Amino acid sequence: MAGKDTGTAKTPRKRADAERNERSLLDAAAATFVASGVDAPVREIAAAAGVGVGTIYRHFPTRADLIVAVYRHQVEACAQAAPQLLANTEPYDALTRWIELFTDFLVTKHGLAAALQSDDPTFQALHANFLDRLLPACGELLDAAAAAGEIRTDIDPYLLLRGIGNVCIGAENDQRYDARRVVELIVAGLRQRE
């Protein structure tokens, strides 16, 4: 049946160098957002990435597209860190290090909360993506630490991530408040009591 469309056409994969370039651009944008907020000028992001402004607009036609891509890129990196940490570290230490990554992810999102609460439809699917990727990663770490007898067994990944998220709100606006230290106390409270 030559020539018949079976409906199984795959989306072409990006070349490895194109994926690498996009990751570099997203990493530069993320670093710029940390330093200057999500409203940083595109020319500042382009300079950090070592590309022209046109390159950024070619990949991300609007600021919203760039913010979404950076956010998804960082969520994916955080999700992928969970199994890597478990493969190389004791379960409680893996959980602790992952929560530190998650906390850094939240604390460094200057202006992202406001952008996500805007009416821009580009942002609507981000929260679902966040939960779809990070809840299973957190659950995997919690399960491993609980199975090793290192933490309590009654910890819900959603409640933990939500609690950490609430602890991190506004942390960048108060120099006396150390969200990371509060999260350390929360993680210490997960330990199994004898």
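## Overall picture

Among contacts in the protein chain (heavy atoms within 4.5 Å) between residues at least 6 apart in sequence, 68% join residues at least 24 apart. This is a predicted model, in which local features need pLDDT of at least 70 and side-chain atom pairs count only at pLDDT 80 or more, while totals for chains, interfaces and linings use all residues. Residues are numbered from 1 along each chain as its sequence is written, and side-chain values use heavy atoms, with hydrogens and water left out.

The protein chain has nine helices and zero strands, giving the pattern α-α-α-α-α-α-α-α-α along the sequence. Here, helices (H or I, at least four residues) and strands (E, at least two) are DSSP runs, numbered from the N terminus. Of the 194 residues in the chain, 38% are buried. Buried stands for under 20% relative accessible area, exposed for over 50%, and partly exposed for values in between, with a 1.4 Å probe and protein chains only.

Let's take a walk along H7. Helix H7 covers residues 126-147, 22 residues in total. From first C-alpha to last, H7 reaches 31 Å, close to the 32 Å expected at 1.5 Å a residue; the expected span is 1.5 Å times one less than the number of residues. At Leu-134, shortly before the proline Pro-136, H7 has a kink of about 25°. The bend at a residue is the angle between axes fitted to the seven residues ending there and the seven starting there. Just after the helix, Gly-149 has a positive phi of about 75°.

The buried residues of H7 include Leu-126, Phe-130, Leu-134, Ala-137, Cys-138 and Leu-141. Leu-126 counts as buried because its relative accessibility is 1%. Its C-alpha is separated by 7.9 Å from that of Tyr-71, 55 residues away along the chain. Asn-129 also belongs to H7, and counts as buried because its relative accessibility is 16%. Leaving aside neighbours within four places in sequence, Asn-129 is in contact with Arg-72 and Val-75.

## The nonpolar core

A nonpolar core is a set of buried Ala, Val, Leu, Ile, Met, Phe, Trp, Tyr and Cys residues joined through side-chain atoms within 4.5 Å. The largest one has 54 residues, and Leu-66, Trp-98, Ile-99, Leu-134 and Ile-151 touch the most other members. Elements giving two or more residues to this core are H1 (16-36), H2 (42-49), H4 (63-88), H5 (91-107), H7, H8 (157-168) and H9 (179-188). H4 supplies the largest share, 13 residues. As background, nonpolar side chains in soluble globular proteins tend to be buried together.

Not counting residues up to four places away in sequence, Trp-98 touches Cys-78, Ala-81, Ala-82, Leu-85, Leu-134, Ala-137, Cys-138, Leu-141 and Leu-161.

## Aromatic rings

The whole structure holds five aromatic pairs. Rings of Phe, Tyr and Trp (its six-membered ring) pair if their centres lie within 6.5 Å; planes under 30 degrees apart count as stacked, over 60 as edge-to-face and the rest as tilted. Trp-98 and Phe-102 are stacked, at 5.7 Å centre to centre with 5° between the planes. They are separated by about one helical turn because they are four residues apart in helix H5. Both Trp-98 and Phe-102 are buried.

Phe-105 and Phe-130 also form a stacked pair, with ring centres 6.2 Å apart and planes at 20°. This pair links distant parts of the chain, as Phe-105 is in H5 and Phe-130 in H7, 25 residues apart. Both residues are buried. Ring pairs join Tyr-71, Trp-98, Phe-102, Phe-105 and Phe-130 into a cluster.

A charged residue also meets a ring: Arg-191 lies over the face of Tyr-92, 3.6 Å from the ring centre. The criterion is NZ of Lys or CZ of Arg within 6 Å of the ring centre and within 35 degrees of the ring normal.

Val-167 sits in helix H8 and is buried, with a relative accessible area of 15%. Not counting residues up to four places away in sequence, Val-167 touches Tyr-177, Ala-179, Val-182, Val-183 and Ile-186. Ile-169, in the loop between H8 and H9, counts as exposed because its relative accessibility is 61%.
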